[in-house]
Amino acid sequence: MTDLALSDEQEALRASARAFLQRACPMELVRRVRTTDGEGHDPDLWRSMVELGWVALAFPEPLGGGGGDLVDLAVLYEEAGRALVPTTLYSTVEAAFLIYRAGDDGQRAGLLRPVFVGDRIVSVAYLEDGVRSAADALSTTAVVDGDNVVVDGTKLFVPNAGVADDLVVVALDPSASGADAVRLVVVPTDAPGLCRSRLTTFAHDAQHEVSFEAVRVPIDRLLARVSSNAWSAVEEVRRLATALQCVEMVGGARAVLDLTVRYVTDRAQFGRPIGSFQAVQHHVANLSTRIDAAGLAAWQAVWRCSCGGDRDAAVGGAEAQVAIAKVAAGDAYVEATLMAHQLHGGIGFTVDHDLHLWSDRARAAALTFGSRDDHLRALGSLIAR
Amino acid sequence: MDFGLTDQQRAWVEEVRAFLDDEFGPAERDAVRRGGGEWSGDVIRAFRRRLLAKGWLCLMWPEEHGGLGRSLVDNLLLMDELAYAGAPTIDMTAASVAPTIIRSGTPEQQARWLPAIRRGEVEFAIGYSEPDAGSDLASLRTTAVLDGNAWVVNGTKIWNTGAEYCTHEWLACRTDADAPRHRGISVLIVPLDAPGVGVQGITTWRGMRTNQVWFDDVRVPRENLVGERDRGWAYVTQALDFERVAIGITGGLRRLLDGLAAWCRATTVDGDVLAERPDVQRRLAELTVDVELARLLNHRAAWMIDAGRSASAEASMTKVFTTELHARASSAALDLLGPAGQLDPYDARAPIAGLAQLMYRAAPYLRFGGGTNEIQRDIVAQRGHGLPR
């Protein structure tokens, strides 16, 4: 544990991101994009974030990226989580990582540059009915046919597919088996045979069912033609996207804690602030401890993913670190919102109050990239070896 | 940002492990179990002398006082390895008394006590709590009254672990009965063999011995008053952040978890290898998450103190989280071990050498010792979040 602090540049990035989001992502905006016709997206905010270089931050400069690393990006995610920034940021960055990790030089340049300048929004189509993480159980197929790839199948819970211009589709080639069968195809959402319908979810974030019926795309949209690279890219990107989301979740949990501390300081009963009662203080202390612990685990997971390779076996491998972080972040965020409701009482239970906006995100985020149970199962099988 | 160890830290851990491989063997392990986990008994006291000879109990003392001038993180890495091996970890004499003498003692006191501590000639029992002064320590009633060149001490102290073998009492007592209660307290060094000192053993649940100590007109040389008169409250509380971080170490939990996982991999129950059962894997995974979170909170507090940051709330967080995890983890371990978990450590069939039941029966003490967890939570809420007292 050599250095747990952010660098001066990262601290400056955090301060400017927080100031920007206070101005550009107020709660009215968060509420507006939740409406069913809002597509979970705000074009003006998106434009500003692109101009600030957020989407491109963690990619190499020759590609039009910002030359930053995952830790820099995590600084933004924590602030975005605090402000409940629409999820287009996360799904676009995840898809861009997949393209970067699995694409060749031409694909990287051709597909990523438009994303980095804000001309295209991208997302990832992975989950299916009955598939939460096992790529070898996917039923969506990608078959090479001459100069084309043909995609068939139905994807679920595809984030922000309504505004996405391209989807990175994880599919299987039925002529291959195991990890070698995994294919990554970048499919434009206006391709004939592609159909999107928005799912109705409690957090009102935009997630879609996307069906592909003999969707043909040119073969240069097939990533990782050395096939086993596709599977390792999917695993690696899923790990780092999960780690980043943990930091986002911790940012949200910290916002909830701040809100709650303010409330119990101001709210008086029995002639004194309720925050002076030991019962209330102990709830705050417990939340604060859980959030700090989850924060440390989340940043450690991001740091571990940014190291690549097996840099430090003493703190465990990236797979275990990410699983630990996701369990801890989910527990902390969910518990923070539930306890915040308890401490706010009736006023925090109304839709006029902002608290429920975080409460929805907390529970939804805990289900994204694997639930608590999924990660405990993964961790348990690592230990059993 | 870097969560890894430096090359120097990695080498340090290896050095400690190699030392423990050589010096902490079956005899020492057995002695710890017999002694209830403290620095008592000839075998463990000999082991303590070997640690002193390496300078490791005085790791953080400044070099001009004969220490190695190392960081709290280095000290934590040492304590984690000691705990993992099953050795006692927190040495109050070297880790709490000596730093206070270094910080606040007179040059004469430093010259007299520090070399003696380093050589293992003197060892202190900590005399803070009284039967009626626990969490409200400032209500303590033991008095010291100046009579010529001697302080005359009257009163009683409780939970004085080690008083039966220590040479001196590190005594918090009232030296000004008229001052506001935090301002009239001083720290006095009292030889435990002085006339008028009585020590009565108290046996605790797991078998560890602690003591009540009585002082009946005990005369103590005037120069044994540490630092300045009536400044004792500051001396007592200054050392507390360090103590709470030390209580929060996770080496013992890591030992429990590793031992448990190895046992589950090697044990068949009702026809199933335990480690292959989903319910067992789930338990182990949950414990792994908690132990890692405890480790992170603990090392974070140490890193902050090394960096010169205020870490009062963070020290309380690690104390609360680790100590409550001791009870939770050892209880979960007993459920996994089943009937075998009950076995005494001396039974060769005892899984993990009886660690689960030993830890379970020691756990309550960690939770209220070193400042109750209720007080720690107050600190997190009040100092960490500015809630009103």
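This is a predicted model: local features need pLDDT of at least 70, side-chain atom pairs count only at pLDDT 80 or more; totals for chains, interfaces and linings use all residues.
Colleague: Into which domains is chain A divided, and what distance separates the centres of domain 1 and domain 2?
Modeller: The assignment for chain A gives domain 1 (8-121), domain 2 (123-225) and domain 3 (230-384). Taken over C-alpha atoms, the centres of domain 1 of chain A and domain 2 of chain A are separated by 22 Å.

Colleague: Which element gives the most to the side of domain 1 of chain A that touches domain 2 of chain A?
Modeller: The contact takes 18 residues from domain 1 of chain A and 18 residues from domain 2 of chain A. On the domain 1 side, the elements that give two or more residues are helix H5 (88-102) and helix H6 (105-116) of chain A. By class, that side of domain 1 of chain A divides into six nonpolar, eight polar and four charged residues. The element that gives the most to it, with eight residues, is H5(A).

Colleague: In chain B, how many residues does the contact take from domain 1 and from domain 2?
Modeller: Chain B is assigned domain 1 (7-90), domain 2 (124-231) and domain 3 (239-385), and 28 Å separate the centres of domain 1 of chain B and domain 2 of chain B, taken over C-alpha atoms. The side of domain 1 of chain B that touches domain 2 of chain B has one nonpolar, three polar and one charged residues. The contact takes from domain 1 of chain B five residues, and from domain 2 of chain B seven residues.

Colleague: Which helix gives the most to the side of chain B that touches chain A?
Modeller: Between the chains, the contact takes 37 residues from chain B and 39 residues from chain A. The elements that give two or more residues on the chain B side are helix H9 (251-266), helix H10 (278-306), helix H11 (312-337) and helix H13 (373-385) of chain B. By class, that side of chain B has 20 nonpolar, eight polar and nine charged residues. With 14 residues, the helix that gives the most to the side of chain B that touches chain A is H10(B).

Colleague: At which residue of H12(B) does a kink lie?
Modeller: Helix H12 (residues 355-368) of chain B has 14 residues, and from its first C-alpha to its last it reaches 21 Å, close to the 20 Å expected at 1.5 Å a residue. The kink in H12(B) is of about 40° and lies shortly before the proline B:Pro364, at B:Ala362.

Colleague: Against which helices do the buried residues of H12(B) pack?
Modeller: The buried residues of H12(B) include B:Leu355, B:Met359, B:Ala362 and B:Leu366. The buried residues of this helix pack against three elements of chain B, namely helix H8 (240-247), H9 and H11.

Colleague: Which residue is the bridge partner of B:Glu169 in S5(B)?
Modeller: Strand S5 (residues 185-191) of chain B is mostly covered, with six of its seven residues buried. Seven bridges join S5(B) to strand S4 (residues 168-174) of chain B, and the two run antiparallel. The partner of B:Glu169 in S5(B) is B:Val190.

Colleague: Is B:Tyr346 buried or exposed?
Modeller: B:Tyr346 is found in the loop between H11 and H12 of chain B. Its C-alpha atom and that of B:Asp30, 316 residues apart along the chain, are separated by 8.3 Å. Because B:Tyr346 has 11 C-beta neighbours inside 10 Å, and 12 or fewer is the cut-off, B:Tyr346 counts as exposed.

Methods: Residues are numbered from 1 along each chain as its sequence is written. Chains are lettered from A and ligands numbered from 1 in the order in which they are written. Domain bounds come from an automatic or database domain assignment. Two residues are in contact if their C-beta atoms, placed from the backbone, lie within 7 Å. Helices (H or I, at least four residues) and strands (E, at least two) are DSSP runs, numbered from the N terminus. Ala, Val, Leu, Ile, Met, Phe, Trp, Tyr, Cys and Pro count as nonpolar, Asp, Glu, Lys and Arg as charged, and the others, Gly among them, as polar. The expected span of a helix is 1.5 Å times one less than its number of residues. The bend at a residue is the angle between axes fitted to the seven residues ending there and the seven starting there. A residue is buried if 20 or more other C-beta atoms lie within 10 Å of its own, exposed if 12 or fewer, and partly exposed in between; C-beta atoms are placed from the backbone. Two strands pair if DSSP finds at least two bridges between them.
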